[in-house]
Amino acid sequence: AKQAKTKVVKEKSLEDILFDCRDSLRGRAPMTDKRDLLLTLVFLKFIDYRFVQQQENIRQKYASRGDEGYIAFALSRPSEYAADGVFFLQEEMRWENLKKVPTNEMAVTFDDIIKKLEDIEVGRASDGSPIRPLRNALPQQIFTKTNLEPSVMRDVINHIDMIDPARFGQTDLIGR
């Protein structure tokens, strides 16, 4: 009887994943645009990761009540997220949904999401004005500006999707 060969898949390091992204983008955009595009994608993935973590924290916080309706209510309140420095994400902003955007619509959709993220309010200043921490912090129109072929954009998204923030165990992985 023949034994089935099992292929061992080695988990890629962060550097390997980013080098794969670099290879996909080679010759397709200026260096600063590539950097901004990659960092923005990693940011989108990481804020979703933090959002999911916060959802679990909220569930645990209110689990003792035994009231699923209240838990659902708490999960829908942006203040439950902002209290711990986490951005409340609408469904369209979630990484799992962004990955499913049709390939030929990705650039425009991602740029629209960046604009919506800039408008997220996390509270009010003492003068009553809204606090929007991402206002002017993210590159505008970076996805449409780089004018990547849709298949290249899809390839880069697939590479970024391999980054598991939990696996890398650093709070400032983007800084690294």
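A crossing of two helices is left-handed if the near helix is turned anticlockwise from the far one by less than a right angle. The views below come from a predicted model.

**View 1. The crossing of helices α2 and α6.** The crossing of α2 and α6 is left-handed. The two helices pack at an angle of about 60°, and their axes are 12 Å apart. Angles from 65 to 115 degrees would count as roughly perpendicular and those under 35 as roughly parallel; α2 and α6 are therefore oblique to each other.

**View 2. Residues where α2 meets α6.** From α2, the residues in the contact are T40, L41, F43, L44 and I47. On the α6 side they are F110, I113, I114 and L117. By type, the residues of this contact divide into 8 nonpolar, 1 polar and no charged.

**View 3. The largest nonpolar core.** This core holds 43 residues. Those with the most contacts inside it are L37, L41, L44, F110, L117, V156 and I160. The elements giving two or more residues to the core are α1 (14–25), α2 (31–62), α3 (68–75), α5 (95–98), α6 (106–118), α7 (142–146) and α8 (150–161). The largest share, 11 residues, comes from α2.

**View 4. The surroundings of F110.** F110 is among the residues with the most contacts inside the largest nonpolar core, and F110 also takes part in the meeting of α6 with α2. Leaving aside neighbours within four places in sequence, F110 is in contact with L41, L44, W95, L98, F143, M153 and I157.

**View 5. T40 in its setting.** T40 is found in helix α2 and is one of the residues of that helix that meet α6. Buried means under 20% relative accessible area; T40, at 3% relative accessibility, therefore counts as buried. Beyond its neighbours within four places in sequence, T40 is in contact with I114, P139, I142 and F143.

View 6. D161 lies in helix α8. When neighbours within four places in sequence are left aside, D161 is in contact with K45, W95 and K99. D161 and K99 are 62 residues apart along the chain, and their C-alpha atoms are separated by 8.3 Å.

Key. Residues are numbered from 1 along each chain as its sequence is written. This is a predicted model: local features need pLDDT of at least 70, side-chain atom pairs count only at pLDDT 80 or more; totals for chains, interfaces and linings use all residues. Side-chain values use heavy atoms; hydrogens and water are left out. A nonpolar core is a set of buried Ala, Val, Leu, Ile, Met, Phe, Trp, Tyr and Cys residues joined through side-chain atoms within 4.5 Å. Buried means under 20% relative accessible area, exposed over 50%, partly exposed in between (1.4 Å probe, protein chains only). Helices (H or I, at least four residues) and strands (E, at least two) are DSSP runs, numbered from the N terminus. Contact means heavy atoms within 4.5 Å. Axes are lines fitted to C-alpha atoms, for helices over the stretch in contact, and angles run from 0 to 180 degrees between N-to-C directions. Angles under 35 degrees count as roughly parallel, over 145 as roughly antiparallel, 65 to 115 as roughly perpendicular and the rest as oblique. Ala, Val, Leu, Ile, Met, Phe, Trp, Tyr, Cys and Pro count as nonpolar, Asp, Glu, Lys and Arg as charged, and the others, Gly among them, as polar.
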